[in-house]
Amino acid sequence: MFRIGLAEFIGTFLLVFIGTGTAALSGAYVGTLGIGLGFGLAIMVAVNTVGPISGAHLNPAVTLSMLVNKRVSGQEFMVYVVGQFLGALFGTTVLYSILSMSTFGTDMLAQTVYTDISTLGAFLVELILTAILVFTIMSVTSKKTATSYNGLAIGLTLTMLHFIGVPMTGMSVNPVRSLAPALFVGGEALSQVWLYILAPLVGGVLAALLAKFFLKTEEN
């Protein structure tokens, strides 16, 4: 159980540090595609390193979907989520520390906020994008339709979703990815973080049920 928690800690650290680091430091140069690739490639690295230990969920919405479809137990769920939160927090802490020793400033940690869309609209965007991500994950990791290129499929899906998510909500689909930067910068990011926690969790549950009853992912 400890190895699973540590694997999720390491994997989520990689996701948050590389992904948000790309957005904070290079976003103006690489654009939405580059930011999406930063997160997508980080997922691929995690899947191919810590994936054999924990499955590289790296996201409470993914782990909740696994709980709903009985791929993890309640105790395992807690271990996964704690590891993910601590990994995200550590990733943001390292990024913040590096930025504080530079001229870049620490006010931009790739925190997620929505300003050009209503609260309901932002909620729906995060819910739908998370559902697409989790639906893909449940499919490519099921015993029935498992593939040998899980990391590539999931990484490219996450990359693709950034094309819609970045201009609309800043793109989260992951509660800990939004919570960690919000704890550092506060303000609007912290006041809106409830949406970036709740919407992905709801989207993950809906996708898990759709995968179970439509794709029959939990059947051998």
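Residues are numbered from 1 along each chain as its sequence is written, and side-chain values use heavy atoms, with hydrogens and water left out. Because the model is predicted, local features need pLDDT of at least 70 and side-chain atom pairs count only at pLDDT 80 or more, while totals for chains, interfaces and linings use all residues.

**Stop 1: the largest pocket**

Select Ile43, Ala56, His57, Ile137 and Ile154, which lie nearest the centre of the largest pocket among its 24 lining residues. A pocket is an open set of points on a 1 Å grid over the protein atoms alone, where a 1.4 Å probe fits, with protein on both sides within 12 Å along at least five of seven lines; lining residues have an atom within 4 Å of a point. Next, colour α1 (2–47), α3 (60–68), α5 (119–140) and α6 (150–169), the elements that each give two or more residues to this lining. Helices are DSSP runs (H or I, at least four residues), numbered from the N terminus. By class, the lining holds 14 nonpolar, nine polar and one charged residues. Here Ala, Val, Leu, Ile, Met, Phe, Trp, Tyr, Cys and Pro count as nonpolar, Asp, Glu, Lys and Arg as charged, and the others, Gly among them, as polar.

**Stop 2: α3 and α5**

Keep α3 and α5 in view: their axes come within 10 Å and cross at roughly 55 degrees. Axes are lines fitted to C-alpha atoms, for helices over the stretch in contact, and angles run from 0 to 180 degrees between N-to-C directions. Angles under 35 degrees count as roughly parallel, over 145 as roughly antiparallel, 65 to 115 as roughly perpendicular and the rest as oblique. To see the contact (heavy atoms within 4.5 Å), select Ala61, Val62, Ser65 and Met66 of α3 with Thr130, Val134, Ile137 and Met138 of α5. These residues divide into six nonpolar, two polar and no charged.

**Stop 3: α4 and α7**

Move to α4 (residues 74–100) and α7 (residues 175–185), which pack at about 45 degrees with their axes 9 Å apart. This angle makes α4 oblique to α7. Among the α4 residues that meet α7 are Phe85, Leu89 and Tyr96; their partners in α7 include Leu179, Leu183 and Phe184.

**Stop 4: α7 and α9**

Select Pro175, Ser178, Leu179 and Ala182 of α7, and Val193, Tyr196, Ile197, Pro200 and Leu201 of α9, to display the contact.
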